[in-house]
Amino acid sequence: MKLSELLRKENNNIDLFRVIAAVMVIYGHSYAISPEGGKFDLIGGLIGYDYSGSIAVKIFFFLSGLVVTNSLLNNGDLIRFFMSRVFRIWPALILSSVLTAFVIGPILTSYSIAEYFSNKEVYSYIFKISVMNIQFTLPGVFYNNPYPNAVNGSLWTIPYEVLAYVLLFVFHAIGVLSSRKLSVAIFAVILIAPLLNSKAIFPWIVSNHEVDFLSPCFAFGAILALNKDLVVMRFSLCAGFFVLYFLFSDTIYAPYLLYASIFFFILYVSSRSLFLKLKPKADISYGVYLWGFPVQQIMVYYFSGQGVLFNQVTSILASLALGYLSWHLCEKHFIKYGSNLSTFVKGRLQTLGAIPH
């Protein structure tokens, strides 16, 4: 099957792998949030330089680069692209931050209620998250947990995802995406950025292993979307990259080869008939991702001696339920509202002559 065919919604189950990735984040974080002697992340133990939660984030960025770029190439509607990204990201994010600051915070803080609500950090928590300047702490919340530095440590990735969407928007607006060769060349430079000694491409981004590969993973997805008519999905593609990873496991190329083998494996398996039958009816992955970390912290707060496995199982189940509620009570409604609003705005601009019919 060509990738262009696989990317049709009825031919893949990418949504299921998004949920799996969100669960992997919870699994990976549990070893820091609820540490237990002798217990460690199995994937991290095998690879050494990465762990399950970090790999899951890279999967998110790859799938976003692939699916969002493909969508933009298919319809070319920047107004719809802008509205869809805004209403996909911010409503559920703001709702989770409001509930965390105004419901979870006052219940679990070590401060008095009056002290808590008089602290400006409560209000800056919501504001800073809304403007992509993530604040991780709330006054007196989880200070005595093993991981006291964040109420929701997963949110650090979201500004980088927004930045990727902004760059994609700009590339399309200035005509870069209309040229496959130019687009691939630019994304290829982003892809190899971690191998460069300079910070010429994204000089404002702090260099660390967690961040360095986010833009390359998104760029790799975008390159595949640009060449979807040329890429044929076979199992040999996944196996080939994994063999190369094994052969070059001690080189600087190892992460690229490992991530590529994982990404191609996900695409290949997502198109198999068995997995298509497991397609979820609701896209709960974003809600699971938003709620996973605070749920894990809550579990430690109330059940500190139960260990990492208890934290993993209970947090995954609770986060899946919250992701389901987030989708049905918030996300799907705002996605529909964003679609309707983009249609309205485009119609008004056409009436005013700002854009051609």
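Asp 77 is buried, with a relative accessible area of 13% (buried denotes under 20% relative accessible area, exposed over 50%, and partly exposed the range in between, with a 1.4 Å probe and protein chains only). The structure is a predicted model, in which local features need pLDDT of at least 70 and side-chain atom pairs count only at pLDDT 80 or more, while totals for chains, interfaces and linings use all residues. Residues are numbered from 1 along each chain as its sequence is written, and side-chain values use heavy atoms, with hydrogens and water left out.

Asp 77 is located in the loop between α4 and α5 (helices are DSSP runs of H or I with at least four residues, numbered from the N terminus). The side chain of Asp 77 reaches the backbone nitrogen of Ile 79 at 3.1 Å, and a polar atom of this side chain lies 3.1 Å from the backbone nitrogen of Arg 80. When neighbours within four places in sequence are set aside, Asp 77 is in contact with Leu 72 and Lys 346 (contact means heavy atoms within 4.5 Å).

Asn 227, in the loop between α11 and α12 (235–247), counts as buried at 14% relative accessibility. Apart from neighbours within four places in sequence, Asn 227 is in contact with Arg 180 and Val 184. The loop between α7 (120–130) and α8 contains Met 132, a residue other than glycine with a positive phi near 65°. Met 132 is buried, with a relative accessible area of 17%. Phe 142 also lies in the loop between α7 and α8 and has a positive phi of about 65° although it is not a glycine; the relative accessible area of Phe 142 is 2%, and this residue is buried. Ser 112, in the loop between α5 and α6 (113–117), is partly exposed, with a relative accessible area of 35%. From C-alpha to C-alpha, Ser 112 is 9.2 Å from Gly 140 in space, and the two are 28 residues apart in sequence.

Helix α8 (residues 158–173) comprises 16 residues and reaches 23 Å from its first C-alpha to its last, close to the 22 Å expected at 1.5 Å a residue (the expected span is 1.5 Å times one less than the number of residues). The buried residues of α8 are Ile 158, Pro 159, Glu 161, Val 162, Ala 164, Tyr 165, Leu 168 and Phe 171. The elements that cover these buried residues include α4 (52–75), α5 (78–108), α9 (180–191), α11 (214–226) and α15 (285–302). Just after α8, Gly 175 takes a positive phi of about 90°.

The largest pocket has a volume of about 1,100 Å³. Of the 39 residues that line this pocket, Arg 18, Val 67, Arg 85, Arg 88 and Asp 283 are the closest to its centre. On a 1 Å grid over the protein atoms alone, a pocket is an open set of points where a 1.4 Å probe fits, with protein on both sides within 12 Å along at least five of seven lines, and lining residues have an atom within 4 Å of a point. The volume is the space filled by probe spheres set on the points. At least two lining residues are supplied by each of α2 (14–33), α4, α5, α8, α15 and α16 (307–352), and the largest share, 12 residues, comes from α4.

Notes
A polar contact is a pair of N or O atoms within 3.5 Å; within protein, one must be able to donate a hydrogen and the other to accept it, and residues adjacent in sequence count only if both atoms are side-chain atoms.
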